[in-house]
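Open the model in your viewer and keep the selection tool ready.

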Amino acid sequence: MGSVIAFWILAALVVGSAVGLVVRRNPIHGALFLVVNLGGVAALYLMMHAEFLAAAQVIVYAGAIAVLFVFAIMVLIPGKEETGPDPLRAQRWLAVPLGGFLALEIALVLRSTVFTTSRSPATVPGGVEAVGRLLFTDYLFPFEVTSFLLLAALIGVMALTKRKAS
Amino acid sequence: MPAGMLPVGTSAMPLHAYLTLAATLFAIGLFGVVTRRNTIGILLGIELMLNAVNINLVAFARFNGDPAGMVFTVFTICITVAEVAVGLALVILIFRIRRTVIADHLDLLRG
């Protein structure tokens, strides 16, 4: 019973912060809402017994990415620029029925028997040991490719933002 | 119970509760991506969408008893970090050249 209440509180927190992120025009508010959202998702991971991912979520997203966003917003100071008439106003009338159609489709898919059969959550290891064991045995090649991707991103960012000497 | 295994606990929420939550988050993020005109706002929306995918992966890992989903979530987190770093670098570079971060004003390639 307690976990049900916790799930609903977390779901309200996550969805509310996501709506706030989208609705507020000030990007610095958006970045702060993103921190709330990512913290809520980390708590959801804890509810699903994925302890390692919850810790990684807090460190990587709420730590590194949020700081990066706030830093970029502070550098750019894009505060009051989202004003003026919307140049694509006519498309809004198309967006409402299409969004409703997508929501209906998702609801129909989620009602199918694949998802609604009462499967009890399995005993799955979620700590560092289980994830690390898989990461360094079955998924060693994707792991190395990911590390190479991070290195490429690092070098690419440095090359992009470097000022020309001239 | 072997070492490293966790008790099932009393998680009463069914799988489709998590999937519905993830779908809602994904839709909100997509709405943000298409409606925001600030480039940083678009990147924030993409963050939301990637997080929704992560919730799905972890939920399937938990309910299918296969920790491979958690490993894929680790990969997703790494790729998100790379995407945000490169994206923000591009935004800063564009701002240095055009003095704006509004996506509507970035029409250099328009014929």
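**Stop 1: a threonine in a helix**

Select Thr76(B), which sits in helix H3 of chain B. Helices here are DSSP runs of H or I with at least four residues, numbered from the N terminus. This is a predicted model, where local features need pLDDT of at least 70, side-chain atom pairs count only at pLDDT 80 or more, and totals for chains, interfaces and linings use all residues. Residues are numbered from 1 along each chain as its sequence is written, chains are lettered from A and ligands numbered from 1 in the order written, and side-chain values use heavy atoms, with hydrogens and water left out.

Is Thr76(B) buried or exposed? Thr76(B) counts as buried because its relative accessibility is 16%. Buried means under 20% relative accessible area, exposed over 50%, and partly exposed in between (1.4 Å probe, protein chains only).

Now show the side chain. A polar atom of the Thr76(B) side chain lies 2.7 Å from the backbone oxygen of Phe72(B). Next, leave aside neighbours within four places in sequence. Thr76(B) is then in contact (heavy atoms within 4.5 Å) with Leu50(B), Asn54(B) and Leu57(B).

**Stop 2: an alanine in H2**

Move to Ala61(B), in helix H2 of chain B. Ala61(B) counts as buried because its relative accessibility is 2%.

**Stop 3: the largest nonpolar core**

A nonpolar core is a set of buried Ala, Val, Leu, Ile, Met, Phe, Trp, Tyr and Cys residues joined through side-chain atoms within 4.5 Å. The largest one has 62 residues. Select Phe7(A), Leu44(A), Tyr45(A), Leu53(A), Phe69(A), Tyr18(B) and Ile55(B), which touch the most other members. Elements giving two or more residues are H1, H2, H3 and H6 of chain A, with H1 (15–35), H2 (39–64) and H3 (68–98) of chain B. Which helix gives the most to this core? H3(B) does, with eleven residues.

**Stop 4: where the chains meet**

Colour by chain. Here 74 residues of chain A are in contact with 73 residues of chain B. How many salt bridges link chain A and chain B? The count is zero, taking a salt bridge as a side-chain nitrogen of Lys or Arg within 4 Å of a carboxyl oxygen of Asp or Glu. Finish by selecting H3(A): it gives the largest share of the side of chain A that touches chain B, twelve residues.

Notes
Polar contact = N/O pair within 3.5 Å; in protein donor to acceptor, adjacent residues only side chain to side chain.
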